[in-house]
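Hi everyone, thanks for coming. Please have a look at the sequence and the structure on the screen, and then we'll walk through a few parts together.

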Amino acid sequence: MSIHLEWPVSGIAVVTIDAPGTKNALTQAMLVDLAKAFSALRANKETAVVILTGAGSENFCAGIDLKHAHFVFKMDELDMHNDPVYQMEHCEFPIIGAIRGHAINAGFELALACDMLLCAPCAQFRDTHVALGLVPSWGLSSKLSLIVGPGAAKRAHFACRPIGADEARRLGLVLDVIDEPAGIEPGSAGSQGGDTSSQRATSHTNSSAQLGTNKFADDALMAAALALALEMTKNQKESVARIKNRIVDGYSLSFGESRTLERRVAFAQYRALPP
């Protein structure tokens with residue numbers, strides 16, 4: 001299969017795009033499988049956090065497989081069940097994107113459908129829709145400017161200029177760039193987390209026992225993503241879901257409307273608490 005779903009730790013799922021022959025580019029079948037994976041995770045009460053990543057060291061996802069583009073472009077726009085971005089956007093649990101290598105067009109949009117991103121130094125985010133005479137449909141032109149600002153977003157859109165890992169961190173597109181030892185394939189024996197942040201290093205150390213002999217424990221980027229996910233699993237899923245929904249709802253409201261909604265939802269919860 002080109003879409004893998006694994007549970008390395010209780011409550012934490014890892015979804016991997018795995019099509020190295022096409023740089024993890026997406027076919028129609030892969031889109032449907034990815035949507036089904038997230039739909040199943042939404043229905044699973046055990047799901048606390050999901051990590052989305054790409055197999056290999058060079059590509060997170062190179063967009064739509066051009067050999068299958070005709071079939072993808074003819075998909076029913078109202079068929080949300082088979083739309084992976086729609087399924088991701090309606091997950092009440094956090095989604096962490098672990099980005100290594102290229103995230104191009106649809107791959108960029110899958111990254112933006114995550115709640116937060118960690119990346120390797122080789123990560124590169126690129127929008128080439130205008131070079132192809134196309135416009136994005138999965139939120140790239142809606143979301144990027146909200147995250148990095150209109151100027152940086154327009155430069156990425158209009159000039160097709162890639163955003164590298166360090167610039168992505170500076171712009172707030174990614175939380176952290178996780179250093180990786182040179183010459184070691186991700187997930188291979190002997191790779192170690194190289195993050196220089198003492199706080200993240202402490203988190204990784206405290207999580208090592210829980211990661212155990214898991215195959216992701218020797219992959220610096222995935223180990224960092226799992227450590228962050230483990231921090232989140234210590235909290236109440238219901239509260240995490242409520243806050244995530246509030247943040248998402250707030251995007252479509254004015255500040256005043258957002259504050260009013262926040263207060264209404266919070267006090268409805270408070271009134272339901274036992275005395």
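Let's begin with a definition: the expected span of a helix is 1.5 Å times one less than its number of residues. Helices here are DSSP runs of H or I with at least four residues, strands are runs of E with at least two, and both are numbered from the N terminus. This is a predicted model, where local features need pLDDT of at least 70, side-chain atom pairs need 80 or more, and totals for chains, interfaces and linings use all residues. Residues are numbered from 1 along each chain as its sequence is written, and side-chain values use heavy atoms, without hydrogens or water.

Now try helix H1, residues 28-43: its 16 residues should span 22 Å, and the end C-alpha atoms lie 23 Å apart, so the two agree. Which residues of H1 are buried? They are Met30, Leu31, Val32, Leu34, Ala35, Ala37, Phe38, Ser39 and Leu41. Buried means under 20% relative accessible area, using a 1.4 Å probe and protein chains only. Across the protein, buried residues make up 46% of the 275 residues.

Zooming out, the protein has 11 helices and 10 strands.

How far can we trust this? pLDDT is the predictor's confidence in each residue, from 0 to 100. The protein averages 87, and 88% of the residues score at least 70. Over residues 187-205, though, pLDDT stays under 50, and the model has 25 contacts there beyond four places in sequence, a contact being heavy atoms within 4.5 Å. Where pLDDT is low, the predicted coordinates should not be read in detail.

Methods: Buried means under 20% relative accessible area, exposed over 50%, partly exposed in between (1.4 Å probe, protein chains only).
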